[in-house]
Amino acid sequence: MLKDITLGQFFPGNSLLHRLDPRTKILATLVLVIVVFLARSMLAYGVLLLLSVTFVLLSRISLKTVLKAVKPLIFIIAFTAVLNIFFARGENILFEKRFLFFHVVICAEGVVSAIKIALRIILLVIDTSVVLTYTTSPIDLTDGLEKLLSPLEKIGVHVHTFAMMMSLALRFIPTLIEEVDKIVSAQKSRGADFASGNVLSRIKALIPILVPLLLSSFRRADELALAMECRCYNNGKGRTRMKVLRMHITDAVFLAAMLLFVGIYFIPELPCSVLGIESLNFTF
Amino acid sequence: MNESAIEFQNVSYSYGKGTPFYRLAVDGVELHIKTGTVTGIIGRTGSGKSTLLQLMNGLLRPESGKIELFGKDLWEKPKKIREAIFKVGLVFQYPEYQLFEETVYKDIAYGPKNMGLTEGEIDARVHKALRFVGLEEGILEKSPFELSGGQKRRVAIAGIVAMEPEVLVLDEPAAGLDPQGRKEIFENVCSYQSTLGKTVILVSHSMEDMARYANELIVMNDGKVIMSSSSHKVFEKRELLSSIGLNVPQIAGIMQRLKEGGMPVSESIFTVNDALRELLPLLT
């Protein structure tokens, strides 16, 4: 069960997206997130969906894996969609009826906004996972972040410390999952029952897992700190890299394409008039 | 006396089915563990020993094959699998990391409590288990976290012993302890067999300990049982053992060299005490 978590998982590969500089991908993800949030018209969502499909194809990651990232969010998507359908009010009423105490009204606007919000969440998850986490190793990711944030060093922010903490946290996710598995098996062997009883007794049943897990996390942190000190870790001062990040021509092209795309987004009149279309409603 | 406590019939188990991480951990295993014996399981790291142990008490369900516990199918009623857990007490590797209660007493009582015993029975069992692992009564009200490593290990073992399982299974019970601690733990565990007539199953990488404490040995390699016999017979197959990365107890090697050098000694001597008895007459 725990092994199904794809959050932050990396799928090694050699596609165009894999080879891009992590900084490019972080910036691109940022732009994508903003654009997805600004999108209003259905046409805009269509274009963004097409873009996401392009990214999936570029990453050469199977669609099944990509959709796995959406799976944990199905409940949230369904929940917000239901809220929108039943509670958003507009002028075009599709359905109206009184059930006992409930006055049920479904408007076209509600249905449309439900679809939009569902699309927005799906797009966000697919874009961030395909462009960033699925195709970037955690080490590249933190390296890229460190480089991008390094100007902040000048105003006294410890960027290296932050990046190191992040990579350590990522590094220990699988270890902790393994640890939980082990502790659960051990407590089951002592007759622990996690599957029956009411909510309160189920929460109580977690104590025999949480206490050992917390203790072992502290122990690991202690050991890791010692091990780092034994190897003369000094907060990255004067440290060189085995793999130096370098922007390539593909990065420039990719970023330029992204900027162009955003440009089209922000100045809707420009491409419309060029294309001779007046009614492309990209406004927000 | 010699009926089977645990019987495996063509049992297989694998991890990560349908992923690149697929691994057949236990492959068509046939096993007969006799009641009232101390049975040792030896094999290299990753040979499937731990998986085998977890199959014994029903933590893992075999993908194919059948496991019988005292002549009854373990998985006949999957809903009642917890009963198997109380019959086969499994002590994991480094069990001291699973302690979680405020006091030693409560921690040892956790298993019996899960069995649904009465307060009086629990109290009797806690004291009995504590004596069994050779700890003082005064320790009962202490926090398990202020004990020494060896004491913690004993408390953890007592937690399983207090459930009074028919079969006591221990994965590397002496790992990381000093020679005195090792000896005491093994002697305690073996007295569970000798004084109570129960069955004990041990996993250890120390051939010396195995020669000393186990009557029967099961040799695992690559998920398969390649030998299952009395420990003397197993240690006589020196070539076979070394071909799968195991060896015979050091003293057995010495005796063999003495024999090759023309000394009139027996080859089938595997413990230091036996060697002493064999060699002393030669000196006089």
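The model is predicted.

Start where the chains meet. Chain A brings 15 residues to the contact and chain B brings 19 residues. The size of an interface is often given as the accessible area lost when the parts come together. Here the area buried between chain A and chain B is about 1600 Å². Carbon and sulfur atoms give 60% of that area. Three residues stand out on chain A: S189(A), R190(A) and G191(A) supply 41% of the area that chain A buries against chain B, more than any other three residues.

Now look at the polar side of this interface. Six residue pairs are in polar contact across it, both residues at pLDDT 80 or more. Two elements of chain A, α8 (159-189) and α10 (207-230), each give two or more residues to the side that touches chain B. α10(A) gives the most, with six residues. The interface of chain A and chain B also holds two salt bridges. R82(B) forms a salt bridge with D193(A), and their closest N and O atoms are 3.6 Å apart.

E101(B) sits in the loop between β6 (88-91) and α3 (104-114). E101(B) is buried yet has no salt bridge. The nearest side chain of opposite charge is K106(B), 4.8 Å away. Leaving out residues up to four places away in sequence, E101(B) touches K106(B), D107(B), P144(B) and F145(B).

Last, the cysteines. There are zero disulfides over all chains. C232(A) is exposed, with a relative accessible area of 62%. The closest cysteine sulfur to that of C232(A) is in C230(A), 8.4 Å away, too far for a bond. C190(B), in contrast, counts as buried at 10% relative accessibility.

Methods. Residues are numbered from 1 along each chain as its sequence is written. Chains are lettered from A and ligands numbered from 1 in the order in which they are written. This is a predicted model: local features need pLDDT of at least 70, side-chain atom pairs count only at pLDDT 80 or more; totals for chains, interfaces and linings use all residues. Side-chain values use heavy atoms; hydrogens and water are left out. Helices (H or I, at least four residues) and strands (E, at least two) are DSSP runs, numbered from the N terminus. Buried means under 20% relative accessible area, exposed over 50%, partly exposed in between (1.4 Å probe, protein chains only). Lys and Arg count as positive and Asp and Glu as negative; His and the chain ends are not counted. A salt bridge is a side-chain nitrogen of Lys or Arg within 4 Å of a carboxyl oxygen of Asp or Glu. Contact means heavy atoms within 4.5 Å. A disulfide is a pair of cysteine sulfur atoms within 2.5 Å. Buried area is the accessible area (1.4 Å probe) that two parts lose on being put together, summed over both. A polar contact is a pair of N or O atoms within 3.5 Å; within protein, one must be able to donate a hydrogen and the other to accept it, and residues adjacent in sequence count only if both atoms are side-chain atoms.
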